[in-house]
Amino acid sequence: MDNNDEMRPIQSADELWKILESCQGQTFYTMKKLPFTYVIKGGEMFVDRKKKSITKATCSAAWEKVQADQEQVITGPKKLNCFGAPYLWALFLALNVVSPAKTTTALEG
């Protein structure tokens, strides 16, 4: 994402999903430096490294969990505790939903 919107905080899970729709096809990297791309079909995100899709509901729940994390205990994908967490965490980092300073190493996350 190269536009000015990336600096403005995402206000809702629906806004996040719209941004994810606009970024599909781009290459992102997990914390373990594995490249991936995704496409969105309806309410499902299909990551090229997974057979199962990540649903919009799962993505929304993960976003809401991060937003509610006032004590900053969510420091990596494992702490999201949801299907597709490594990919969602990578996207959250790329979209500034979480900050790199909040992230632990890939092995700790």
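## An aromatic cluster

Phe-28, Phe-36, Tyr-38 and Tyr-87 come together as one aromatic cluster in this structure, which is a predicted model. The structure as a whole holds 3 aromatic pairs, and one of them is formed by Phe-28 and Tyr-38, whose rings are stacked with their centres 6.0 Å apart and an angle of 25° between the planes. Because Phe-28 belongs to strand E1 (residues 28-29) and Tyr-38 to strand E3 (residues 38-41), this pair ties together parts of the chain that are 10 residues apart in sequence. Phe-28 and Tyr-38 are both buried.

Two further rings have a lysine over the face. Lys-41 lies over the face of Phe-46, at 5.5 Å from the ring centre, while Lys-52 lies over the face of Phe-83, at 4.8 Å from the ring centre.

## Overall layout and confidence

The protein chain contains 4 helices and 5 strands, and these elements follow one another along the sequence in the pattern α-β-β-β-β-β-α-α-α. Of the 109 residues in the chain, 39% are buried. When contacts between residues at least 6 apart in sequence are considered, 52% of them join residues at least 24 apart.

For the protein chain the average pLDDT is 87, and 85% of the residues score at least 70. Over residues 1-6, however, the pLDDT is below 50, and this stretch has 7 contacts in the model beyond its near neighbours in sequence. The pLDDT is also below 50 over residues 105-109, a stretch with 9 contacts in the model beyond near neighbours in sequence.

## The nonpolar core

The largest nonpolar core is made up of 31 residues, and those with the most contacts inside this core are Leu-16, Leu-20, Tyr-38, Met-45, Leu-80 and Phe-92. The elements that contribute two or more residues to the core are H1, E3, strand E4 (44-47), H2 and helix H4 (85-94). Among these elements, H4 gives the most, with 7 residues.

Once neighbours within four places in sequence are left aside, Leu-16 is in contact with Ile-10, Cys-59, Trp-63, Phe-92, Leu-95 and Val-97.

## Charged residues in and around helix H1

By the rule applied here, the count comes to 1 salt bridge, in which the side chains of Asp-14 and Lys-56 meet at 3.4 Å, N to O. This pair links distant parts of the chain, with Asp-14 in helix H1 (residues 13-23) and Lys-56 in helix H2 (residues 56-67), 42 residues apart. Asp-14 has a relative accessible area of 47%, so this residue is partly exposed, and Lys-56 is likewise partly exposed, with a relative accessible area of 29%.

Glu-15 also lies in helix H1, but the relative accessibility of Glu-15 is 17%, so this residue counts as buried. Leaving out residues up to four places away in sequence, Glu-15 touches Arg-8, Pro-9 and Ile-10. Ile-10 is also one of the contacts of Leu-16.

## Loop residues with positive phi

Most residues other than glycine have a negative phi. Gln-72, however, has a phi near 55°, a positive value in a residue other than glycine. Gln-72 is found in the loop between H2 and helix H3 (77-80), and its relative accessibility of 52% means that Gln-72 counts as exposed.

Asn-81 also has a positive phi, near 55°, and is a residue other than glycine. The place of Asn-81 is in the loop between H3 and H4, and with a relative accessible area of 65% Asn-81 is exposed.

Definitions and conventions
Residues numbered from 1 in each chain as written. Predicted model: local features only at pLDDT ≥ 70, side-chain atom pairs only at ≥ 80, totals over all residues. Heavy atoms only, no water. pLDDT = per-residue confidence, 0-100. Contact = heavy atoms within 4.5 Å. Phe/Tyr/Trp six-rings, centres within 6.5 Å; stacked < 30°, edge-to-face > 60°. Buried < 20%, exposed > 50% of the residue type's maximum accessible area, 1.4 Å probe, protein only. Lys NZ or Arg CZ within 6 Å of the ring centre and 35° of its normal. Salt bridge = Lys/Arg side-chain N within 4 Å of Asp/Glu carboxyl O. Core = buried A, V, L, I, M, F, W, Y, C linked by side-chain atoms within 4.5 Å.
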